[in-house]
Amino acid sequence: MAYSRTPILAAWAPYKAISMLSLTLQSPLALLSSFGPNPEAIAPMWLLSTDQAELTYFSHSPPSYAILSHVWDKYEPSFQDIQALHAECASKQEQGLNPRSRASAKIRTSCTYAEADGYEWLWIDTCCIDKTSSAELSEAINSMYDWYSRASVCYAYLADVPTDEDPAAPRSSFRRSAWFRRSWTLQELIAPQDVVFLSYDWETLGNKYLWPGLLQEITGIQAEVLTFLKPPSSIPIATRMRWAAGRETTRIEDEAYSLLGLFGVNMPTIYGEGKRAFRRLQEEIMRQTPDQTLFTWGNPLRLGLCPDHLLHAPSHLRDPQGLLADTPSDFTTAPDLVPIPYEHMNRAYTSFAVALGLPDVNRNAPGKSLLGSTLPEFTVTSHGIRARLPVIQPVDLYTSRSSTRYALALLACAKSPRSPCPYIALLLRRYPGDAPVYHVGLAVQHTRSHPSERSTAEIARYTTAECIVRCTTLLPETRLQWNEFYITSCSSDSPFLPTPYRLSHAPPRSGPALTQYYVVFPSSLVAHLRRAGFETLDCLPNRPHEGRMLDHAHRLFAFTFTHVLAPGVDNFRIYVGLCRTRDGQGLWVAVEISSHMGRVEPDMHDYVSECDRAHLLWEDAADGAINVGCRRRNSLVSEFGDRRRKVCVAVDRSDRPLGSANVSLLVIHIQLGGLLYKMLEERMLGSKGSGGSSV
């Protein structure tokens with residue numbers, strides 16, 4: 001096979017020369033720290049010889065090598081496959097046979113290509129890592145960005161791109177290549193000094209110095225970063241996260257592991273931890289950099305565009321928002337923000353307060369800087385993230401339809417400096433109870449322009465002063481001061497674990513809708529929960545005439561259960577409530593699993609607001625019902641929690657109204673599961689079997 005590379009190499013030489021000339025104008029130390037590989041010794045690595053496809057181990061200072069970047073096929077030879085191939089070729093029967101000729105087509109062709117370019121060694125992620133060793137795999141993942149940055153060249157093999165096509169064409173195969181959609185290829189595009197793109201038949205297409213503008217259109221990565229005119233470390237955290245948004249991985253943990261090098265983070269890899277990997281990545285970033293754009297994911301508050309919105313707190317049962325994101329895709333809409341350096345923080349905080357109508361932010365200490373010797377700080381704890389930030393509270397946000405009370409936590413980041421007040425604040429709301437625990441976000445329900453349209457809602461997490469200055473009321477007690485408080489770390493790990501399942505009863509085919517319910521529990525439930533170690537101070541009615549009446553006057557009931565062995569950790573609470581829908585009203589149930597068991601307050605349900613969410617319907621419901629969990633006639637079963645702590649709630653409805661045509665009976669069944677709850681139940685049984693007191 002002939003490889004026509006000379007014209008392309010000559011074409012990109014001027015572009016590369018300009019980039020490298022710009023770099024040499026910087027100080028050598030700055031250049032080394034910003035772009036060059038880690039000055040410390042490179043991690044040990046296996047390299048593939050290009051002439052024999054034989055693996056060789058280099059404990060330090062490997063020779064010059066090339067790297068292959070590619071999208072994995074269904075079958076890729078492993079480290080063990082290559083070793084076995086060499087053992088087979090070294091046997092007497094196959095003596096003298098070149099192992100490269102027996103390797104897979106991709107390995108064979110990439111070795112031939114690199115050898116033709118003058119490289120004796122090649123690194124390929126499929127076969128140069130012993131993935132049977134978790135220690136070696138973890139070390140390789142943590143070293144991979146460094147390996148790519150030290151490579152003499154990186155060949156990006158695009159198996160879905162033909163040679164005879166203009167890559168810059170609007171609908172070209174190059175633009176739509178799967179290579180640009182994979183998470184791992186993000187660092188493989190940024191880190192190497194040279195990236196050469198190859199078509200499906202291994203012909204040279206071009207390189208990143210030839211098409212920096214095109215690559216910026218495809219990936220969103222600034223051309224200056226791709227051509228080393230600007231180091232990735234100079235780009236705000238949120239922007240770098242946005243580069244990774246929408247990219248795909250086979251394992252969910254790789255959403256985080258593929259970004260370690262891009263953020264200069266080292267951490268153990270634990271396959272099986274799921275989304276916690278991305279949380280750990282953010283926690284490590286938070287420890288190593290003061291860049292608070294990390295928290296500006298999700299949606300901003302845009303009240304100024306349409307003041308006729310309905311504001312309400314995200315239901316503590318429905319829409320908890322944490323400080324950290326769940327996936328890189330949460331940063332898809334992240335704005336272009338820049339961190340504010342220490343010396344400008346005080347001015348930023350003061351400008352925000354003045355724009356909101358607090359002219360004398362230092363009235364308690366005239367002449368003293370608000371910032372003083374205090375700096376923002378974030379610490380990971382078992383109760384969430386402990387934050388120290390300047391906070392404006394209390395603040396009332398209002399529209400023509402509603403109002404709600406919030407706190408504004410000021411962040412050290414800003415939008416375009418041309419904006420009158422470009423500074424950013426998180427919207428915080430306190431959890432019920434006395435503990436200083438907050439969640440992030442304000443639920444905004446957008447008005448419908450036409451009665452036939454469904455209204456939409458979103459969670460607004462942050463805002464600027466200019467967006468809310470006309471929708472804010474400051475109270476006499478409103479202050480700007482440094483506060484220390486806790487914010488739930490991730491939305492998926494907030495105390496209120498799942499979205500509640502909302503159950504819309506279906507009205508009878510004739511007659512009025514059932515609008516009242518007696519809520520009761522089976523008489524055996526208390527005994528069952530006691531065997532598992534749970535006690536409750538709430539009266540659990542088990543007869544219809546003792547049941548709690550759920551109606552317009554009493555729209556929310558809560559039943560709290562505390563474990564006798566771990567009262568501060570393993571509590572759960574069952575909620576049953578009504579909310580108003582466009583067609584009438586709906587019944588919902590939810591489970592809170594948390595160590596932050598606060599009071600049940602009136603605003604913990606949203607009956608007064610119109611709920612446009614789909615409700616789960618009973619067996620005789622109209623078409624369009626949503627089936628979640630296990631459903632049988634007049635009963636619906638839903639699971640809440642995770643693998644560690646799980647609460648299964650079954651709601652049975654009687655077929656016959658009680659006493660009145662619009663009163664029905666609801667029977668609540670509870671079943672516990674999950675590793676932790678099973679372990680606690682075994683401990684309870686063990687303590688009783690060894691003579692412990694019965695609960």
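**Entry 1**

I started with Trp-123 and skipped residues up to four places away in sequence; Trp-123 then touches Met-45, Trp-46, Leu-47, Tyr-65, Ala-66, Ile-67, Leu-68, Cys-128, Ile-129, Met-144, Trp-147 and Tyr-148. Contact here means heavy atoms within 4.5 Å.

A note to myself: this is a predicted model, where local features need pLDDT of at least 70 and side-chain atom pairs count only at pLDDT 80 or more, while totals for chains, interfaces and linings use all residues. Residues are numbered from 1 along each chain as its sequence is written, and side-chain values use heavy atoms, with hydrogens and water left out.

Next I looked up the largest nonpolar core, which has 110 residues, and Trp-123 and Phe-197 have the most contacts inside it. α5 gives the largest share of this core, seven residues. Another core, of 31 residues, lies apart from it and includes Phe-521, Phe-557, Phe-561 and Leu-578. A nonpolar core is a set of buried Ala, Val, Leu, Ile, Met, Phe, Trp, Tyr and Cys residues joined through side-chain atoms within 4.5 Å. Buried means under 20% relative accessible area, exposed means over 50%, and partly exposed is in between (1.4 Å probe, protein chains only).

**Entry 1: helix α5**

Helices (H or I, at least four residues) and strands (E, at least two) are DSSP runs, numbered from the N terminus. I checked the length of α5: its 17 residues should span 24 Å at 1.5 Å a residue, and its end C-alpha atoms are 24 Å apart, so the two agree. The expected span is 1.5 Å times one less than the number of residues.

I also found a bend of about 50 degrees in α5 at Ser-143. That bend is the angle between axes fitted to the seven residues ending there and the seven starting there.

Is α5 mostly covered or uncovered? It's mostly covered, with 12 of its 17 residues buried. Among the buried ones are Leu-137, Ile-141, Met-144 and Trp-147. Their cover includes β1 (45-49), β3 (66-70), β4, β5 (153-157), α6 (184-190) and α10 (254-257).

**Entry 2: Asp-125**

Asp-125 sits in the loop between β4 (121-124) and α5 (134-150). I count Asp-125 as buried because its relative accessibility is 10%. Leaving aside neighbours within four places in sequence, Asp-125 is in contact with His-70, Trp-72, Lys-131 and Glu-188. Its side chain has a polar contact of 3.0 Å with that of His-70, and one of 3.3 Å with that of Trp-72. A polar contact is a pair of N or O atoms within 3.5 Å; within protein, one must be able to donate a hydrogen and the other to accept it, and residues adjacent in sequence count only if both atoms are side-chain atoms.

**Entry 3: α4 and the cysteines**

Helix α4 (residues 105-116) has 12 residues and reaches 16 Å from first C-alpha to last, close to the 16 Å expected at 1.5 Å a residue. Cys-111 is one of its buried residues, and has 0% relative accessibility.
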